[in-house]
Amino acid sequence: MVQRNDALTSFPDDGIAVVAGATGGIGAAFVRALEASGRFSRVVAAARSNDVALDLLDPCAIADFASSLKGERIRLVIDATGFLHDEERMPEKSWRDLDAGHMAYSYAVNAIGPALLMQHLLPLLPREGKAAFVTLSARVGSIGDNRIGGWYSYRASKAALNQIMRCASIELGRRWREALCVAMHPGTVHSPLTQPFAKSGLNVREPDVAVNEMLAVIDGLTSEESGGFFDYRGERLPW
C-alpha cells in the first residue's frame, strides 16, 4: 500500500495543476481541493463547457489546449473525464445488448481521448521535481477482478485506458526521472454518472471526500509507482 499524506507537500510549489473534465462531480471537487491547497500557482479547469475549452472527442482541440500551456510548469494533471451512460445508452447487462455505436463512443471518451491528452501533456511536465499525470480509471476495468461480467463497453474501454497509461509511463520514465503516470480508481462517488446505481448496496461517497482521499494517495506516490493502478486507499489493483 502507498503511504498516505494529508497535504500535497511532495509537489514543488512552482507550477500549475490541470484538471480535465472539470465540470463533472469529481472534476469540480478536484478543482476546489487543488485551489484550496495553495500548492499550485493556479489551477486550470478544462472542460467542453468551461471557459477553458477541452473536448476529448476533438483531437485538434486537445492539441490546441496543450499548446496553450507550453511554457507553464505543469506539476499535476488530473484526467477526470469518462463515460458510463447517458439518456440513451446504459451499461450492457448481456452480449445481447452490445451496440457498435455505444462501444465506439465508450472507447473514444474513455481511452482515445485520454491517450491523446497524455500524448500532448506528458512532454510538458518538468524534467526536475515531482510531476504527475493521473487518469481516473475504474476497478471494473480490471480483467483479473472481473467476476460478474456485464458492462462490456465500460469495462473494455477502461482496460484499454489502463494499458495506454502503462505504455505511456514506460516512455515517460526514460527521460522524466521524477515524473509519474498512474491510473486511479476513485470508488463509487455520488454523481450523475453513478446515480442510477446508488441503490445497489455500494459505498457511495461524496465527491469532496473521494477527492481528498485520492489526493492523499497521489501525494504519497513516487516515480517508483509510475505505471501503477491504484484505488483511493492507495492499494494496488490487479490488471
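# Close-up views of a predicted model

View 1. Leu98 is partly exposed, with a relative accessible area of 36%. Buried means under 20% relative accessible area, exposed over 50%, and partly exposed in between (1.4 Å probe, protein chains only). The model is predicted: local features need pLDDT of at least 70, side-chain atom pairs count only at pLDDT 80 or more, and totals for chains, interfaces and linings use all residues. Residues are numbered from 1 along each chain as its sequence is written, and side-chain values use heavy atoms, with hydrogens and water left out. Leu98 sits in the loop between strand E4 (74–79) and helix H3 (100–121). Helices (H or I, at least four residues) and strands (E, at least two) are DSSP runs, numbered from the N terminus. Together, Trp95, Leu98 and Tyr152 make a nonpolar surface patch of about 340 Å². Patch residues have over 30% relative accessible area and no salt bridge; like charges are joined within 9 Å, nonpolar side chains (Val, Leu, Ile, Met, Phe, Trp, Tyr) within 5 Å. Accessible areas come from the Shrake-Rupley method with a 1.4 Å probe; for residues, only the protein chains shown count as cover.

**View 2. The open sheet.** Seven strands line up in the order E3-E2-E1-E4-E5-E6-E7, and the pairing is parallel. E3 and E7 stand at the edges with a single partner strand each, so one side of each has no neighbour in the sheet. Two strands pair if DSSP finds at least two bridges between them. Strands E5 (residues 131–136) and E6 (residues 179–185) pair in the parallel sense over six bridges. Here Ala132 has Leu180 in E6 as its bridge partner.

View 3. In strand E2 (residues 43–47), five of the five residues are buried. Val43, Ala45 and Ala47 lie on one side, Val44 and Ala46 on the other. In a regular strand the side chains alternate between the two faces of the sheet. Strand E1 (residues 16–20) pairs with E2 in the parallel sense over four bridges. Val19 has Ala45 in E2 as its bridge partner. From E1 the chain crosses through helix H1 (residues 25–37) to E2, and this β-α-β crossover is right-handed. That term means that, with the strands pointing away from the viewer, the path from the first strand over the helix to the second runs clockwise. Strand E3 (residues 52–53) runs parallel to E2, joined by two bridges. Ala53 in E3 stands opposite Ala47.

**View 4. Aromatic pairs.** The whole structure holds four aromatic pairs. Rings of Phe, Tyr and Trp (its six-membered ring) pair if their centres lie within 6.5 Å; planes under 30 degrees apart count as stacked, over 60 as edge-to-face and the rest as tilted. Phe83 and Tyr105 have ring centres 4.8 Å apart and planes at 90 degrees, so the pair is edge-to-face. Phe83 is in the loop between E4 and H3, Tyr105 in helix H3, 22 residues apart. Phe83 is buried at 6% relative accessible area; Tyr105 is partly exposed at 23%. Phe229 and Trp239 have ring centres 5.7 Å apart and planes at 25 degrees, so this pair is stacked.

**View 5. Salt bridges.** A salt bridge is a side-chain nitrogen of Lys or Arg within 4 Å of a carboxyl oxygen of Asp or Glu. The count comes to ten. Asp208 and Arg32 meet in one of them (2.9 Å, N to O). Asp208 lies in helix H5 (residues 207–220) and Arg32 in helix H1, 176 residues apart.
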